[in-house]
Amino acid sequence: MKNSTVCYIKKDNKTLMLHRTKKKNDIHEGKWVGLGGKMEQGETPEECIIREVKEESGLDISNPKLKGILTFPKFKDDEDWYVFLFTASDFSGEIGDCNEGDLKWIDDDKIEDLNLWDGDRLFLKWMEEYEFFSGKIIYENKELIDYSVINY
């Protein structure tokens, strides 16, 4: 089981997105995703997302808001992934180079036009619709085959 985080940083009706193009053997290759990554031993989800955003973008986020928890059964290497999903609008610093891809501010109304995972399209809507949620997204061979959501 892998625990990880993802954050969608918002500013002026735009969202900072990462186009995954630089990492070898990247399951996300060619996809646009939020910033984040795997939790390290002893880290809280909040500590992880603050660290990951800093490593990937150079930005220091504060007060990340937990919006949901996502379960991805057998997502990669037959392992379940649990993802803590955050948004953030309080940040400082300058965007730097990312070793995983290219960072770009995308107009919120243009995000649907990007090459996203089908499951990401679902939970991006859930983030807008629900105060907090728990979602399960099931892929088989990188194809979305089922999903469910409970909102709180």
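Is isoleucine 106 buried or exposed? Isoleucine 106 is buried, with a relative accessible area of 8%; buried denotes a relative accessible area under 20%, exposed one over 50%, and partly exposed a value in between, computed with a 1.4 Å probe and protein chains only.

## Basis of the model

The structure is a predicted model, in which local features need a pLDDT of at least 70 and side-chain atom pairs count only at pLDDT 80 or more, whereas totals for chains, interfaces and linings use all residues. Residues are numbered from 1 along each chain as its sequence is written, and side-chain values use heavy atoms, with hydrogens and water left out.

## Overall architecture

The protein chain contains two helices and 11 strands. Helices (H or I, at least four residues) and strands (E, at least two residues) are DSSP runs numbered from the N terminus. In order from the N terminus, the elements are β-β-β-β-α-β-β-β-β-β-α-β-β.

Along the principal axes, the C-alpha atoms fill a box of roughly 40 × 35 × 35 Å. Of contacts between residues at least 6 apart in sequence, 62% join residues at least 24 apart, a contact being heavy atoms within 4.5 Å.

## Surface and charge

Buried residues account for 45% of the 152 residues in the protein chain. Its accessible surface is about 8500 Å², and 44% of that surface belongs to carbon and sulfur atoms. These areas come from the Shrake-Rupley method with a 1.4 Å probe, and for residues only the protein chains shown count as cover.

The protein chain carries 22 positive and 33 negative side chains, and the centres of the two sets lie 3 Å apart. Lys and Arg count as positive and Asp and Glu as negative, while His and the chain ends are not counted. The place of each charge is NZ of Lys, CZ of Arg, CG of Asp or CD of Glu.

## Strand E7 and its partners

Strand E7 spans residues 79-88, and seven of its 10 residues are buried, so the strand is largely enclosed by the rest of the structure. Strand E1 (residues 2-11) pairs with E7 in the parallel sense over eight bridges; two strands pair if DSSP finds at least two bridges between them. Strand E6 (residues 65-76) runs antiparallel to E7 and is joined to it by eight bridges. Leucine 66 stands opposite phenylalanine 86 of E7. E6 and E7 form a hairpin with two residues between them, and aspartate 77 in the turn has a positive phi of about 55°.

Threonine 87 belongs to E7 and is the bridge partner of tyrosine 8. Threonine 87 is buried, with a relative accessible area of 17%. Leaving aside residues up to four places away in sequence, threonine 87 touches Cys7, Tyr8, Pro64, Lys65, Lys67 and Met127.

Strands E10 (residues 133-140) and E11 (residues 143-151) pair in the antiparallel sense over eight bridges. Within this pairing, lysine 136 has serine 148 of E11 as its bridge partner. Two residues separate the strands of the hairpin, in which asparagine 141 takes a positive phi near 55°. Asparagine 141 is exposed, with a relative accessible area of 72%.

Aspartate 12 lies in the loop between E1 and strand E2 (14-20). Its phi is near 50°, a positive value in a residue other than glycine. Aspartate 12 is exposed, with a relative accessible area of 64%.

Tryptophan 105 is located in strand E9 and is partly exposed, with a relative accessible area of 21%. Leaving aside residues up to four places away in sequence, tryptophan 105 touches Ile9, Lys10, Lys11, Lys14, Thr15, Leu16, Phe91 and Ile95. The C-alpha atoms of tryptophan 105 and aspartate 12 are separated by 9.8 Å, and these residues are 93 apart along the chain.

Isoleucine 106 also lies in strand E9 (residues 101-107). With residues up to four places away in sequence again excluded, isoleucine 106 touches Asn13, Lys14, Thr15, Met17, Trp32, Ile111 and Leu114. The C-alpha atoms of isoleucine 106 and serine 57, 49 residues apart along the chain, are separated by 15 Å.
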